[in-house]
Amino acid sequence: MSSFEKVETNRLILREFIEIDIQEVHQYASDPDVSEYEPWGPNTLKQTEEFVKKCIEYQHQKDRVDFELAVIEKSNNKLIGACGLHISDQEDREGWIGYVINKLYWRKGYGTEIAEKLLDIGFNEFKLHRIYATCHPNNLGSKKILQKIGMQKEGCLRKHMWCKDDWRDSLLYAILEDEYNQG
């Protein structure tokens with residue numbers, strides 16, 4: 001699958017990034033609150049431009065494994081974040097998900113809606129066996145989302161990521177295909 005048809009949830013549209021998204025992406029990517037627990041940011045405009053360009057480059061991968069998508073709120077057609085499904089090991093059918101949302105849209109259940117849709121795509125479209133996600137240990141919102149979508153905490157990756165001038169821990173969550181299908 002090289003191109004990605006837009007998909008919808010109750011309140012959101014997930015679609016490929018396009019160049020004109022840069023300004024709306026930069027609204028959240030330059031926000032220190034949004035990037036607090038991320039390995040990036042707050043972004044300069046140049047960094048945001050590079051991110052969107054990279055997302056567009058993913059769309060042209062021959063055997064595509066990276067799907068980084070814009071999150072659009074249906075009610076006002078506004079770009080409110082990004083999400084990704086990345087196939088990290090095709091042979092073992094493993095992938096990982098991530099998401100980020102403009103803080104004006106926090107605490108509305110959008111993160112859960114996005115993550116649920118990414119699991120649906122990963123397990124039903126790509127036939128993955130295992131999907132994982134990581135988050136900063138202090139990111140309570142993300143931990144709640146990962147638990148809510150049925151992921152189990154597998155452990156803590158100790159000081160595995162160089163992030164903002166320090167080594168950072170990450171919590172590792174995952175869900176298996178048979179667990180997802182039982183839910």
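1. Which helix lies across β3 and β4? Helix α3 (residues 45–58) does, running at about 120° to β3. Axes here are lines fitted to C-alpha atoms, for helices over the stretch in contact, with angles from 0 to 180 degrees between N-to-C directions. Helices (H or I, at least four residues) and strands (E, at least two) are DSSP runs, numbered from the N terminus.

2. Some ground rules before going on. The model is predicted, so local features need pLDDT of at least 70 and side-chain atom pairs count only at pLDDT 80 or more, while totals for chains, interfaces and linings use all residues. Residues are numbered from 1 along each chain as its sequence is written, and side-chain values use heavy atoms, with hydrogens and water left out.

3. On to the sheet. Eight strands make an open, mixed sheet in the order β1-β2-β3-β4-β5-β6-β8-β7. β1 (7–8) and β7 (152–163) stand at its edges with a single partner strand each, so one side of each has no neighbour in the sheet. Strands count as paired if DSSP finds at least two bridges between them.

4. β4 is worth a look. Eight bridges pair β4 with β3 in the antiparallel sense, and E68 has G84 as its bridge partner in β4. β4 also pairs antiparallel with β5 over eight bridges; there A82 is partnered by V100 in β5. Nine of the twelve residues of β4 are buried, so the strand is largely enclosed by the rest of the structure. Buried means under 20% relative accessible area, exposed over 50%, and partly exposed in between (1.4 Å probe, protein chains only).

5. The β3 and β4 hairpin has four residues between the strands, and N77 takes a positive phi near 55°. The hairpin of β4 and β5 also has four residues between its strands, with R93 in the turn at a positive phi of about 55°.

6. Now the packing. Beyond four places in sequence, M151 is in contact (heavy atoms within 4.5 Å) with residues including I97, L119, I131 and Y173.

7. Last, the charges. There are twelve salt bridges, each a side-chain nitrogen of Lys or Arg within 4 Å of a carboxyl oxygen of Asp or Glu. In one of them, D21 meets R15 at 2.8 Å, N to O; D21 is buried, at 2% relative accessible area. K103 and D31 meet at 3.2 Å, linking the loop between β5 and α4 to the loop between α1 and α2 (32–35), 72 residues apart. K103 is partly exposed at 33%, whereas D31 is buried at 13%.

8. One more pair: E177 and R93 form a salt bridge, with the closest N and O atoms 2.8 Å apart. E177 lies in helix α6 (residues 177–182) and R93 in the loop between β4 and β5, so the pair ties together parts 84 residues apart in sequence.
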